[in-house]
Amino acid sequence: MNAPQAALTRRTFVATGGALIVSFAMSRSALAQAAQQPVKLPGSLDKTPYLDSWIGIDGNGAVTVFTGKAELGQGIMTALIQCAAEELDVDPKVVTIVTADTERTANEGYTAGSHSMQDSGTAILNAAAQVRAILIELAANQLNLPTDQLQAKTGAIVANDGRSVAYKDLVIGQALHRTAQPQSPLKDSKSFTVIGKSTQRVDIPGKVTGAPMYVQDLRPEGMLHARVVRPPNYGAELVSVDVAAVEKLPGVIQVVRNGNFLAVAAQREFQAIEAMNLLAATARWRKIAALPDEATVHQFLMRLPTQDQTIVNKGNPAEQGAHVLRASYSRPYLSHGSIGPSCAVALYQADKLTVWTHSQGVFPLRDTLAKMLGMTPAQVHCIQTEGAGCYGHNAADDAAADAALVARAIPGRPIRLQWMREQEMGWEPFGPAMSSSVTGALDDQGKIVSWTYEVWSNTHSTRPGGPPGNLLAAQYLAKPFTPPPPKEIPMPEGGGDRNAIPIYAIPNAHVVDHFIPQMPLRVSALRGLGAYLNVFAIESFMDELADAAKADPVEFRLRHLTDPRARDVINKAAQEFGWKKDDKRPRGRGRGFAFAQYKNLATYCAVALEVDVEHESGEVRLGRVVSAVDSGQAVNPDGIRNQIEGAIVQSASWTLYEMVTFSRTDITSRDWSSYPILRFPNAPASVAVHVIDRPGEKFLGAGEAGQGPAAAAIANAIADATGARLRDLPLTATRIKQAIGV
Amino acid sequence: MTVLNVNGQQHEVDADPRTPLLYVLRDDLKLNAAKFGCGLGQCGACTVLVDHTPVFSCLTPLAAVEGRYVRTVEGLGTIDKPGPVQRAFIEEQSAQCGYCIPGMMMRAQSLLEKNAAPSDAQIREAMAPNLCRCGTQMRILRAVHRAARLMTVEIERPMREAER
């Protein structure tokens, strides 16, 4: 964890006693050369091969793990500590962790796509195993024994003859400043004592006792509070503003204006808010925004120019079976809806900018901030500090850019800038609206013979990293930066087409991704990207096909699946739910099932659930929810359960209630009354998640696997309860009522 | 100067009396637990207790709490000696990002002070003003049930010992 207080004293991380923690900058110079190695190293070691970039052991025996990934509330710190502790044979309690920091950790890009265990977990697991081997070698020299008479045990190397040397007495100088080898002496997973055991999260005690855990909690000496005044809508130009009136307010230090970017800094937080309000009231804007009609936005998007890509073409999809079905599905724009509006603290001092940020990618942010401000990346230091959960690319980076602009205008004073609720929901990049259409044909045996699928979507990533135009403020400066042209995320992971290819065994298939570059609303990555709609569509349609084939939905899926891990997850969920083929259900109650393997290459997740639909109102009550998940080798099973439980509840909220609303000029869903989300009385009756552990298998990452299956299971249960098939998200009570004709 | 009692301690605060209590707690008293979420009383991240009743501190002006008893998560226990609600949230691992959790804990504390053994439906009803975006609701419900048991044990133990 990046302890904010320590970070703010800018305590450099140097050796104490016989320590060998080497500052990261020292090891970086040789990286380019090391990266030339022809053999691929495990996980992120491939890009950052020095072992001491990942693991440090100091003169007191304290172990530090360095990760380039960010804690976002997903519990990554705890799982990574477990990986290190396991292979190093130390108590996890002696291990601390430093998360993404452009001057202390490896550059692991973005913390996104459920990649952290795969990239960073794999690197740390392997680095720790190689460090253990080095420690054994060092002990062998010291004790003059062959290495096969030595083993690691609780922070020491112990010899068969009873002698032992503590790690801290072995790691003199730069003993760990070595490049990683392609092969690691990994333990047999059967002997694991830390990995695979549910472990309490390291961050929860602080979070439940008011420790300064979040960027919002930083208050360095001399800090000022800042607020930004955003235009009334996209692209508006500032005509005039009464700066003098605002600067007369008590506590106000300075109004910062740069073109159409407007902000104010004050001594106290409430003074900054009052100043922001007066500034907004006196500002005159020229509005130029023109948004599409919300009621027909999907048709509008589908008429825009597209870049088309056929991502599957096998057999002859035109071949028709005995029974042909067609359907179309859609999802609206969705808000990330962080409970804490985005925030950053920035300090500009002696030509150096330091930014504490809850960005998912401090390295790309550093590079982009430097370009925006005309600085070099070396002059910018970004330190990841937790914020409220983000679930993708929300306004974290934008708040960092805002704080940086204010900090540069007021050098020497730390600037804490937090967005207001209405700014967060009006200006963050939304999860894009999407549409898809599918045609499927069954043969007379009830098997799918052909499948065509098309999906239409904007980009799912406008993250910073390239030109500054992806930072909101950069678009509004006196010398504005235009956003770079959006790109589709390539397969096999995909963006809009993530999970667009059916995982089922179908002989004839054609799948097309229609990528829409033009973005009438600001959009970017939201948990699951295109998989949320694609899995919703495919898994809804599988039920429609099962119904046409007069098959049980669970059996119908198994009929088309050969991967044993996929089958295991489906069977486990069905069995734990008590799914029976001809179960009788009371009137108004329905059950639904859905399955997906995230990106068709990562975590397997199946969801079975039941709902009650109130006939008069169309209201849906979520009953029992049962899920089974296989994310490979499970490091912290309770952490995986927490992620999947959260995914199911969050996806239920998206699926039943959520939709960004807008007029022809403005985003109109700007608070929790205009953008309602799930509240406690509507939470499921119960959620049970069964983790299928796969010791020795690769880490697959569980963060996003539940979003699609939960949505489709709900739609399938509503169809089961009411006979009405809803294909346009969200599945609101109003739409259900219309569909069932009340 | 406004005098207020926070977690049993008297504080004199020199701030505009219109200042919402939230900013006084966070910026003047340097208490981190109560969080800014919406400033509109819609999410509950800022929930604290005033004279045993949960309030949205983002909407409660400093002037309104003069001389009243304000409680925040910092008053429930410490990291070394967590109180029953805090222990329950740790034992049930009832957090993901955790930003909403202090507000959840104060609302739960208030419920359990009025109703020592609430039903699941009563807990859901009482917690309805507070939003969690990570989807940790099921764990929060378990934590409130657990906290109810922990509090009952804590009350009963000294009583039994006194009887002996």
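**View 1. The open four-stranded sheet of chain A.** In this predicted model, strands E21, E22, E23 and E24 of chain A form, in the order E21-E22-E23-E24, an open sheet with mixed pairing (strands, E, of at least two residues, and helices, H or I, of at least four, are DSSP runs numbered from the N terminus; two strands pair if DSSP finds at least two bridges between them). Strand E21 (589–597) and strand E24 (686–691) of chain A are the edge strands, each pairing on one side only, and the twist averages 15° from one strand to the next. Residues are numbered from 1 along each chain as its sequence is written, while chains are lettered from A and ligands numbered from 1 in the order in which they are written. Local features of this predicted model need pLDDT of at least 70 and side-chain atom pairs count only at pLDDT 80 or more, whereas totals for chains, interfaces and linings use all residues.

**View 2. Strands E23 and E24 of chain A, with helix H16 across them.** Strand E23 (residues 620–630) of chain A pairs with E24(A) in the parallel sense over six bridges, and A:Val625 has A:Val687 in E24(A) as its bridge partner. Helix H16 (residues 637–657) of chain A lies across strand E22 (604–613), E23 and E24 of chain A and runs at about 135° to E24(A) (axes are lines fitted to C-alpha atoms, for helices over the stretch in contact, and angles run from 0 to 180 degrees between N-to-C directions).

**View 3. The largest nonpolar core and A:Ile718.** The largest nonpolar core has 287 residues, and those with the most contacts inside it are A:Ala84, A:Val264, A:Ala403, A:Ile714 and A:Ile718; helix H13 (residues 531–548) of chain A provides the largest share of this core, eleven residues. Such a core is a set of buried Ala, Val, Leu, Ile, Met, Phe, Trp, Tyr and Cys residues joined through C-beta atoms within 7 Å, buried meaning that 20 or more other C-beta atoms, placed from the backbone, lie within 10 Å of a residue's own. Not counting residues up to four places away in sequence, A:Ile718 touches A:Gly590, A:Val611, A:Val613, A:Val620, A:Leu726, A:Leu731 and A:Ile736.

**View 4. The side of chain A that touches chain B.** Here 47 residues of chain A are in contact with 50 residues of chain B (contact meaning C-beta atoms, placed from the backbone, within 7 Å). Helix H6 (204–207), helix H8 (269–282) and H16 of chain A each supply at least two residues of this side, and H16(A) gives the most, with eight residues.

Note on methods:
A residue is buried if 20 or more other C-beta atoms lie within 10 Å of its own, exposed if 12 or fewer, and partly exposed in between; C-beta atoms are placed from the backbone. Two residues are in contact if their C-beta atoms, placed from the backbone, lie within 7 Å.
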